[in-house]
Amino acid sequence: MQTNFLSQQFNAGSLAENSTACPANATICDGTSCVLPEDNFNQTLSVVLSTVLTIMLALVMFSMGCNVELKNFLGHIKRPWGIFVGFLCQFGIMPLTAFLLSLAFNILPIQAVVVLIMGCCPGGTASNVIAYWVDGDMDLSISMTTCSTLLAMGMMPLCLFIYTKMWTDSDAIVLPYDSIGLSLVALVIPVSFGIFVNHRWPSKAKIILKVGSIVGAVLIVLIAVVGGILYKGSWIISPKLWIIGTIFPAAGYTLGFFLARIAGLSWHRCRTVSLETGMQNTQLCSTIVQLSFSPEQLELMFTFPLIYSIFQLLFALLILGGYRLYRRHRVKTKTDVEKTAQKEDSKSSPKINGGFVSDEMK
């Protein structure tokens, strides 16, 4: 669907100002990016990789489900304070942050709309993998991802209606409810099987979880690489969008963590809410963008979802690395303190017949 309102705001002067050199076979040559025609190789590669990635993602979510205790998961559903905090972050903080960034950088209307679409998307499944590696609350992580994907069917239209008024008619944005539904099914079914396996065969579930966590980490990197291959002709876009793509996920992680802490959640749940807030479903954003805008409009913001995806992954890895260093230092410090205490106790305690060592000290 094309939007006449948006098209009228892009005059020839603004396009000429942002124009750059494009390949000879580009379908769009006058703008801040170049959109290349989709050749047979890219089309075939896209189909094959999409199939492989979908299967791998289902297996990863199955393994993540193997770390979920049914009792704890139902506890979050019955007492949804953590889910409610995540809801406020997902559909409160993120759309508002997208709106403020669009105003602060004074970007074009069509660019502001795609930033807002990204801010209104539900959480991505990659957050569940990272939450596992930072010792987050997996029960909360998966319940938040599931609930945000389900609630997105109503909250995305509402948020877009509120925040895109000044730039475009919200009716011009096509929301792929079938894609949202498929994302929900692809999340719920594998996780449900994983919860069942964990309930029936806990020892096997631990093995599946270890393998799945490693595969999940590889999958996240693979998705970013695949995106770079498939959209290799569209990397030249406005520097402002690069800056927003850098700031936006960092703001999501930071604000989500602080709001969770203010709400009184424990540290491991704060880490979980932070990751669920900053990591968005960028594939859904890409689908909405391609369904809603013409090629002339796509050239101005075609790869923003991919840029966001790369930086959200980069910051997530930094969070993971920082947490691992903190954990290693903390465990080392704690071990040194315990050894010192044991030495002092051994010096001060009198030895009678070699001394007595309780079972707790062994």
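Which residues do ring pairs link into a cluster? The points below take up this question after an overview of the fold.

1. The model under review is predicted. Its secondary structure consists of 15 helices, with zero strands in the protein.

2. The protein has 362 residues, and 45% of them count as buried. Its accessible surface comes to about 18500 Å², and carbon and sulfur atoms account for 65% of that area.

3. Contacts between residues at least 6 apart in sequence deserve attention when the chain is read alongside the model. Of these contacts, 83% join residues at least 24 apart.

4. Nine aromatic pairs are present in the structure. One of them is formed by Phe-257 and Phe-258, with an edge-to-face arrangement: the centres are 6.0 Å apart and the angle between the planes is 85°. Phe-257 counts as partly exposed because its relative accessibility is 23%, whereas a buried residue would have to be under 20%.

5. The opening question can now be answered: ring pairs link Phe-257, Phe-258 and Trp-267 into a cluster. Trp-267 also has a charged neighbour, as the charged end of Arg-261 sits over its ring, 3.8 Å from the ring centre.

6. An arrangement of this kind is also found at Trp-201, where the charged end of Arg-200 sits over the ring. Here the distance from the charged end of Arg-200 to the ring centre is 5.2 Å.

Conventions:
Residues are numbered from 1 along each chain as its sequence is written. This is a predicted model: local features need pLDDT of at least 70, side-chain atom pairs count only at pLDDT 80 or more; totals for chains, interfaces and linings use all residues. Side-chain values use heavy atoms; hydrogens and water are left out. Helices (H or I, at least four residues) and strands (E, at least two) are DSSP runs, numbered from the N terminus. Buried means under 20% relative accessible area, exposed over 50%, partly exposed in between (1.4 Å probe, protein chains only). Contact means heavy atoms within 4.5 Å. Accessible areas come from the Shrake-Rupley method with a 1.4 Å probe; for residues, only the protein chains shown count as cover. Rings of Phe, Tyr and Trp (its six-membered ring) pair if their centres lie within 6.5 Å; planes under 30 degrees apart count as stacked, over 60 as edge-to-face and the rest as tilted. A charge sits over a ring if NZ of Lys or CZ of Arg is within 6 Å of the ring centre and within 35 degrees of the ring normal.
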